[in-house]
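The stops below follow one another as a short tour.

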Amino acid sequence: MPDDKALMMLALDEARASLEHDDVPIGCVIARGDEVIARTHNARERDQDPTAHAEVLALRAAAAAIGSWRLDDCTVYVTLEPCVMCAGAIVLARAERLVYGAPDPKAGAVRSLYNVADDARLNRRVAVTAGVLEEECGELLRTYFSAKRG
């Protein structure tokens, strides 16, 4: 079993890298067991791309790294509960597991607003572990938005 906390710490490192280009600090790591195959962070502001969420960028990088869009034996680690777009992409990529840190009561599509990852109406489901390093993940976001509001 992979070390969820250690891999979430890597995702937090990625989230902090978002701050360099004033993006919302969300990081994502994709691992196969303990092997990291992709890691990235939000880049919407930097790239001026509404789809440049950490999860989407990491899914693309992971698919390129393994030479397949099917991430059957992979776990996605993300610091914030994925939105509808990202949760859908994780399901479509056939990831085995999703591990996230902080819940997102305004846009979360895994537990907060919707249950995209394990909706029985879809042809695939992703096992979900929520709340890994929740406080650390949430604090990074709270600090970022507090500074924005001045």
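Begin with Tyr144. At 11% relative accessibility, Tyr144 counts as buried (buried is under 20% relative accessible area, exposed over 50%, partly exposed in between, with a 1.4 Å probe and protein chains only).

A note on the ground rules. This is a predicted model, where local features need pLDDT of at least 70 and side-chain atom pairs count only at pLDDT 80 or more, while totals for chains, interfaces and linings use all residues. Residues are numbered from 1 along each chain as its sequence is written, and side-chain values use heavy atoms, with hydrogens and water left out.

Keep both rings on screen. A search of the whole structure finds one aromatic pair. The ring centres of Tyr144 and Phe145 are 5.0 Å apart and their planes are at 80 degrees, so the pair is edge-to-face. The rule covers rings of Phe, Tyr and Trp (its six-membered ring) with centres within 6.5 Å; planes under 30 degrees apart are stacked, over 60 edge-to-face, and the rest tilted.

Next, the core. Select Ile30, Val76 and Leu98: of the 43 residues in the largest nonpolar core, these touch the most other members. Such a core is a set of buried Ala, Val, Leu, Ile, Met, Phe, Trp, Tyr and Cys residues joined through side-chain atoms within 4.5 Å. Elements that each supply at least two of its residues include α1 (4-18), β1 (27-32), β3 (75-80) and α5 (134-149). Which element gives the most to this core? Colour α1, with five residues. Helices (H or I, at least four residues) and strands (E, at least two) are DSSP runs, numbered from the N terminus.

Zoom in on Ile30. Not counting residues up to four places away in sequence, Ile30 touches Val36, Ala58, Leu71 and Val76, among others. Contact means heavy atoms within 4.5 Å.

Move to Ser18, in helix α1. Ser18 counts as buried, at 0% relative accessibility. Leaving aside neighbours within four places in sequence, its contacts are Asp23, Val24, Pro25, Ile26, His41 and Asn42.

A disulfide is a pair of cysteine sulfur atoms within 2.5 Å, and the count comes to zero disulfides. Cys83 is buried, with a relative accessible area of 18%; Cys86 counts as buried at 0% relative accessibility.
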